[in-house]
Amino acid sequence: MKRMEGKVALITGGARGQGREHARELAAEGADIILTDICEQIPGVKYPMSTKADLDETVEIVRGLGQRCLGYVVDARDGARMRQVIDEAVAELGQLDTVVINHGIAIPHEPDDPDSYELWDAVISTNLSGVYRTASVVIPHLKERGGSIIVIGSSSSIVAHYNNPSYTASKHGVIGLVKALAADLSKYWIRVNAVCPTAVSTDMFINEYNLSRFAPNEPNPTVESLKFPATALHQLPVPWIEPEAVAKAVLYLASDDGKYVTGISLPVDAGTTTQPPGITAFIGQRIAELS
């Protein structure tokens, strides 16, 4: 029997990237899927965000796996609209068992940038307030049967990263929220956990803006330009991980494999949050080569 047979899963930020891979993984294991995504550009975000065409494509991928799938264009910051959409979807599919709160944005900035207040508000409202609003509207459905809420955090949920105060704060806040919800909802057999990946090979990380940030001295940086500085973040000698690796962690926490796991933050981060002080072995080797 497939691990998600007979289950229904909601995935926010499901149009592409990690969200699409979560949908593919859970559907392949037998789940019917509800997808939501904003499908528009948020002011301040420097990389192209998802589109309605992306969402439609993910719906078709899930249906191609033989599972039911509903897709909705909705902003997770709009709690009233999220409630309306989720109530409608659950009424059509009959139940809700798993919620993967996957949406998020990254807007690097420094605290004294002229527009730092606006950027802070955009990131916090999306990455933290939008997570709370989503959780609050799914809980009544999950109370009926128990279930699993999985929030996609980040290595920035555990350690700080340079020039990312709003992103780091929002992702740290997610961990506190996960712990609080896990405590409050345990009596209903609702498990709440976080998955905390490092950089993932999606449009949110591999884009022209980040290429210019990570290789500022190159006039025409390429993905190859990004590999060395990205690898320097990790203990394992990889620049980033694939979305499939994050989806496998989500599947574990969503299925009965993780039925006794709640309140944790599971790093899938190539060792970035557990590095000892000093330079990594990868950087040491590169310095030795250059010497």
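1. C196 is buried, with a relative accessibility of 0%, where buried stands for under 20% relative accessible area, exposed for over 50% and partly exposed for what lies in between, taken with a 1.4 Å probe and protein chains only. C69 also counts as buried, at 3% relative accessibility. A disulfide is taken here as a pair of cysteine sulfur atoms within 2.5 Å, and by this rule the count comes to zero disulfides. For C69 the closest cysteine sulfur is that of C39, and because the two sulfurs are 12 Å apart, they are too far from each other for a bond.

2. On the basis of these remarks: this is a predicted model, in which local features need pLDDT of at least 70 and side-chain atom pairs count only at pLDDT 80 or more, whereas totals for chains, interfaces and linings use all residues. Residues are numbered from 1 along each chain as its sequence is written, and side-chain values use heavy atoms, with hydrogens and water left out.

3. The strands β3-β2-β1-β4-β5-β6-β7, in that order, form an open sheet of seven strands with parallel pairing; strands (E, at least two residues) and helices (H or I, at least four residues) are DSSP runs numbered from the N terminus, and two strands pair if DSSP finds at least two bridges between them. At the edges stand β3 (69-73) and β7 (265-268), each of which pairs on one side only. On average, neighbouring strands of this sheet are turned by 15° against each other, direction ignored.

4. Strand β1 (residues 8-12) has five of its five residues buried, so it is largely enclosed by the rest of the structure. In a regular strand the side chains alternate between the two faces of the sheet. In β1, V8, L10 and T12 point one way while A9 and I11 point the other way, and all are buried.

5. Strand β1 is joined to the parallel strand β2 (residues 32-37) by five bridges, and the partner of I11 in β2 is L35. With strand β4 (residues 98-101), β1 pairs in the parallel sense over three bridges, and there L10 stands opposite V99. Elsewhere in the sheet, six bridges hold the parallel pairing of β5 (residues 147-152) with β6 (residues 190-197), where I152 stands opposite V195.

6. Helix α1 (residues 17-28) makes a right-handed β-α-β unit together with β1 and β2; right-handed here means that, with the strands pointing away from the viewer, the path from the first strand over the helix to the second runs clockwise.

7. Helices α1 and α8 pack at an angle of about 50°, with their axes 9 Å apart, the axes being lines fitted to C-alpha atoms over the stretch in contact and the angles running from 0 to 180 degrees between N-to-C directions. That makes α1 oblique to α8, since angles under 35 degrees count as roughly parallel, over 145 as roughly antiparallel, 65 to 115 as roughly perpendicular and the rest as oblique. Within α8 (residues 243-254) lies K248, which counts as partly exposed at 48% relative accessibility.

8. Two residues deserve a look for their backbone angles. Most residues other than glycine have a negative phi. N163, in the loop between β5 and α5 (165-185), has a positive phi of about 60° although it is not a glycine, and at 39% relative accessibility N163 counts as partly exposed. A270, in the loop between β7 and α9 (281-290), has a positive phi near 55°, and A270 is buried, with a relative accessible area of 10%.
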